[in-house]
Amino acid sequence: MRLLEYEAKNLLSACEVPIPRGKVFAINELQAIAAPIVLKSQVPIGGRGKLGGVQIVRRQSDVESIARKMFNLKIKGFLPSKLLAEEILDISREFYFSLNINRQTAAIELLAHAGGGIEIESQDTAAFFRRDIVNEKFESLADELADYLDIADKAFLLQDIIENAYRCFVDNDCLMLEINPLILTKDGRLIAGDAKITVDDAAAFRHLDWQFEDNSTEHNFVILNRDGAVATIANGAGLAMATVDAVVASGLVPANFLDIGGTATSDKVLDCFRQITTLDNINVIIINIFGGIVRCDEVARAIIDAQRQIPDLPKLAIRLSGNRESEARQLLAQYNLPLFDSLEAILEDIS
Ligand code: GDP
Ligand code: MN
């Protein structure tokens, strides 16, 4: 499960990783919010900064109107039910910092970059600082990282952050923990400016106190490979598995398994797209639906509707077959979405 920023920051703060002072609020609690502040939309997706989901508000008279706008602003299909209001930080530098599970070495891996913030995806991947955390040797790791980030005088602060974030990761059964940006303030503090945490749902039984907002309504979504470039949506577990297998057989890397189930309403398709957009490397979404009871034209309408709500969705490659297929073909053609005759045709097209 992916946590919202404020939930992730609460976990970090409980482990003594510094976070900005702030509070989360719903629209009916707007009166208590005082400028100057940064307002941040609590949606389970990154890239909010570029889409109006992070706003610095200096004047009290602007707070209400900007906050109301943000509550009504959909970000990649998500509408926030809460905003986070935080102190404005005086930023000197922004770094990228994350902990992930390195499945090859069965270790927790620290990944960092000297240029954090909103443009991290465009950074040269070779330039990342990448180390498995072994034997919990935090002091030497902190020294190395401080050198890499060119903040040697902050090694002791970094060591606390690495150690505490690591403890947060382990204690909370995280699958990933990202701080981007890790902010160096002008007065020399290191603070988690943004936080993204995914916890392992399978560990929920160990955390009876977990009470996170449930962002996902679909439970048939399984991430296979976060680096995979091909996302899949199919109906029925058998067809969904066969679709994933076919992607592998054609030499491509499937990112996920997703069984959309027996009905495909626009809300459900939208929900699938949202889950897929939490993956960073997707360049095509294969939709493979067999229309038996479910009507292909209804699925087509749902796809068109959902696609309109997420502007920067990756390319769609659609195969709908069966009940009302030709109606679906006509509908999709109006939106420049060609219908492929078979999954093979899709795979040939994209590989
Ligand atoms: P994201 O775009 O969803 O990753 O949201 P972030 O929380 O990472 O915010 C995006 C960017 O907004 C950051 O990289 C900062 O440059 C900027 N930002 C966020 N908080 C502050 C702040 O307190 N002060 C200043 N000056 N900039 C901020
Ligand atoms: Mn960020």
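**Labels and the values behind them**

Analyst: We can start with one residue. Glu-325 has a relative accessibility of 27%, so it counts as partly exposed. Buried means under 20% relative accessible area, exposed means over 50%, and partly exposed is in between (1.4 Å probe, protein chains only). This is a predicted model: local features need pLDDT of at least 70, side-chain atom pairs count only at pLDDT 80 or more, and totals for chains, interfaces and linings use all residues. Residues are numbered from 1 along each chain as its sequence is written, chains are lettered from A and ligands numbered from 1 in the order in which they are written, and side-chain values use heavy atoms, with hydrogens and water left out.

User: What makes Glu-325 and Arg-329 a salt bridge?

Analyst: The rule asks for a side-chain nitrogen of Lys or Arg within 4 Å of a carboxyl oxygen of Asp or Glu. For Glu-325 and Arg-329 the N to O value is 3.5 Å. That is within the limit, so the pair counts. Both residues lie in helix α8 (residues 325-334), and because they are 4 residues apart, about one helical turn separates them. Helices (H or I, at least four residues) and strands (E, at least two) are DSSP runs, numbered from the N terminus. Arg-329 is partly exposed, at 31%. Elsewhere, salt bridges that share partners join Glu-5, Lys-9, Lys-40, Arg-48, Glu-86 and Asp-194 into one network.

User: How many salt bridges does the rule count?

Analyst: The count comes to 21. One of them pairs Glu-109 with Arg-130, at 3.2 Å from N to O. Glu-109 is in strand β6 (residues 107-113) and Arg-130 is in strand β7, so the pair ties together parts that are 21 residues apart in sequence.

User: Why is Glu-109 called buried, and what is Arg-130 called?

Analyst: Glu-109 has 9% relative accessibility, so it counts as buried. Arg-130 has 48%, so it counts as partly exposed.

User: Which helix holds both Asp-305 and Arg-308?

Analyst: Both lie in helix α7, 3 residues apart, about one turn of the helix. Asp-305 is partly exposed, at 26%. Arg-308 is exposed, because its relative accessible area is 55%.

User: Which bond joins Asn-180 and Pro-181?

Analyst: A cis peptide bond, with omega about 10 degrees. Pro-181 lies in strand β8. The bond from Ala-35 to Pro-36 is also cis, with omega near -5 degrees. Pro-36 lies in the loop between β1 (22-25) and β2 (37-41). Most residues other than glycine have a negative phi, and most peptide bonds are trans.

User: Which value of phi does Asp-173 have?

Analyst: Phi of Asp-173 is near 50 degrees, a positive value in a residue other than glycine. Asp-173 sits in the loop between α4 (155-171) and β8. With 16% relative accessibility, Asp-173 counts as buried.

User: How do you know how much area domain 1 and domain 3 bury between them?

Analyst: Buried area is the accessible area (1.4 Å probe) that two parts lose on being put together, summed over both. For domain 1 and domain 3 this is about 540 Å², and carbon and sulfur atoms give 53% of the area. Lys-76, Gly-77 and Phe-78 supply 67% of what domain 1 buries against domain 3, more than any other three residues. The assignment gives domain 1 (21-86), domain 2 (91-201) and domain 3 (220-350); such bounds come from an automatic or database domain assignment.

User: How many salt bridges cross the interface of domain 1 and domain 3?

Analyst: The rule finds 0 there.
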